[in-house]
Amino acid sequence: MNGIIKSGLTNPAHVSGHVQMGKTAPNGLHRKMTRTDPSKSSYEQVPLHTACFTYLGFYLLMILGYINQLFFTPKVATEKHRDGYVPLYDAFEKFYLRYVYRRVKDCWNRPICSVPGAEVVLKDRITKDYGWSFEFTGTETKCLNLGSYNYLGFAQNEGPCADESEECIRTHGLASCSSRRELGTNPLHNELEALTAKFLGVEDAIVFGMGFATNSLNIPTLISPGCLVVSDEKNHASIILGLRLSGATPKVFKHNNMADLERVLRDSIIAGQPGSGEPWKKILIIVEGVFSMEGSIVKLPEIVELKKKYKAYIYLDEAHSIGATGPSGRGVLDYYGVNPNDIDILMGTFTKSFGSAGGYIAGNKKLINFLRVHSHAHCYASSMSPPVTQQILTSMKIILGMDGSSEGQNRISQLARNTRYFRKRLAQIGVITYGHEDSPVVPMLVYLFSKIGAVVRTLTSKNIAVVGVGFPATPIMEGRIRFCLSAAHTKEQLDYALSVIDDISDTLGLKYSRKPISVHPIEY
């Protein structure tokens, strides 16, 4: 692992421009690194009786599903002339979709017909055959939007972002219909890459048209068979797909558990590659900044220490943290005061805080130049659409204050205020939430599969749109409602939502928390 490596990554011990912990980097972005405070995260255990009822309820659904399958013909299209063909779908997957998921299908994939701002308009639909099919009613329902990743409120159809994106269409068109390596690069892409690097405080950056592909198609470019990847157990599906495509050896450590991460690193280095015992070509630690299902924030300072101790690389996915965390919105590096030079590969998406689409990878020039030549997402995929690029440019300039106003900083402060207030009020209500107190992703545990549907339907009837998450996206025991907060939300909107949540928590029995409840008013 010494010296320059084929993939464009440099050994951490040889990275030029390294700044010691606590010193200021030339870009002025780095401040004294703070360690993780465990008291700011919450993972309360499920009560025993609730656990029993959760398993019982799920298996009862499965039994009823099998009975339904035996005695009732599903109202689905059946292909003809398929004798001798291997089934296209796994038998259990087909059963689960038809007889378990179908019962709560109306709570997912709900079409919208508006901008996903602080409020969103749902297109109403009904089912007359218990979820086998849906039909639109011709009516619409405006709801408070607690389900979109619109962290800084830039998902708007008016204002500078919308105006400049509209003007961009007149000058650059809607698409280039080509990859970046051919005829798909325009001046907006070059400007965005330079601005992204400046925003993150690194040498260079490369942008892609799809956030998911930024992980799944670039991870195989950087690692190969003979490499070790140590991955958090809660990492996103795009990371997992990238690892499968790479052929590298994946090892999983317990979520945000630094002792387990060190154990996996130490044992894997001692054992070497499977079969041969040879040293690993590269060791890569992959984590997310804010975990989208758990609402937790990565313990980055401790991971940096382990990276230096075991001479590994860090791949940090900031899809949900860039723009949404840190005093200046620069993600978890900004939140902890970590030197950007200590993170080898910075990845993020523009689909959340920037109200657009696509993703980026940032780091030193050697890494980015390597990706420009070898990345499948850069060589073969269509380039980012000009109006999409312009939306990111305008929103990022606002965050940086380059528009001459304090609008960006105001949005960052408003999101932080909303996050703290909403989480503290939920704790006061008595429900169990997961994650870090500064994370705008707020999972509220409801546990039972049936309660996910009941909560989503009840909140929709009260004009509140939320996202329910259950098995297989989460473990059977951890069904939840995931709230996503935004700088666009007002205190009045949050108070209304909290009032409704308090009411339905009594009705549906969601107040599982056994922590002492503060009786003092929560300040906004």
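Tutor: Let's start with a definition: helices (H or I, at least four residues) and strands (E, at least two) are DSSP runs, numbered from the N terminus. This is a predicted model, in which local features need pLDDT of at least 70 and side-chain atom pairs count only at pLDDT 80 or more, while totals for chains, interfaces and linings use all residues. Residues are numbered from 1 along each chain as its sequence is written, and side-chain values use heavy atoms, with hydrogens and water left out.

Student: Thanks! Where is P472 found?

Tutor: P472 sits in the loop between β14 (467-469) and β15. The peptide bond that joins F471 to P472 is cis, with omega near 10°.

Student: And which residue has a positive phi although it is not a glycine?

Tutor: That is N256, with a phi of about 55°. Look for N256 in the loop between β6 (249-253) and α8 (258-271).

Student: How is the chain divided into domains?

Tutor: Domain bounds come from an automatic or database domain assignment. Here domain 1 covers 44-74 + 91-145 + 407-518, and domain 2 covers 160-400. Their C-alpha centres are 29 Å apart. With contact meaning heavy atoms within 4.5 Å, 18 residues from domain 1 and 20 residues from domain 2 take part.

Student: What area is buried between domain 1 and domain 2?

Tutor: The size of an interface is often given as the accessible area lost when the parts come together. Buried area uses a 1.4 Å probe and is summed over both parts. For domain 1 and domain 2 the value is about 1,400 Å², with carbon and sulfur atoms giving 57%. On the domain 1 side, I412, H436 and V441 lose the most area to domain 2, together 30% of what that side buries.

Student: How many salt bridges does the rule find across this interface?

Tutor: The rule asks for a side-chain nitrogen of Lys or Arg within 4 Å of a carboxyl oxygen of Asp or Glu. Across the interface of domain 1 and domain 2 there is one. R480 also deserves a look: R480 forms a salt bridge with E294, and the closest N and O atoms are 3.2 Å apart.

Student: Which elements supply the domain 1 side that touches domain 2?

Tutor: At least two residues each come from α14 (407-429), β11 (434-436), β12 (441-447) and β15 (479-484). The largest share, six residues, comes from α14.

Conventions:
Buried area = accessible area lost by both parts, 1.4 Å probe.
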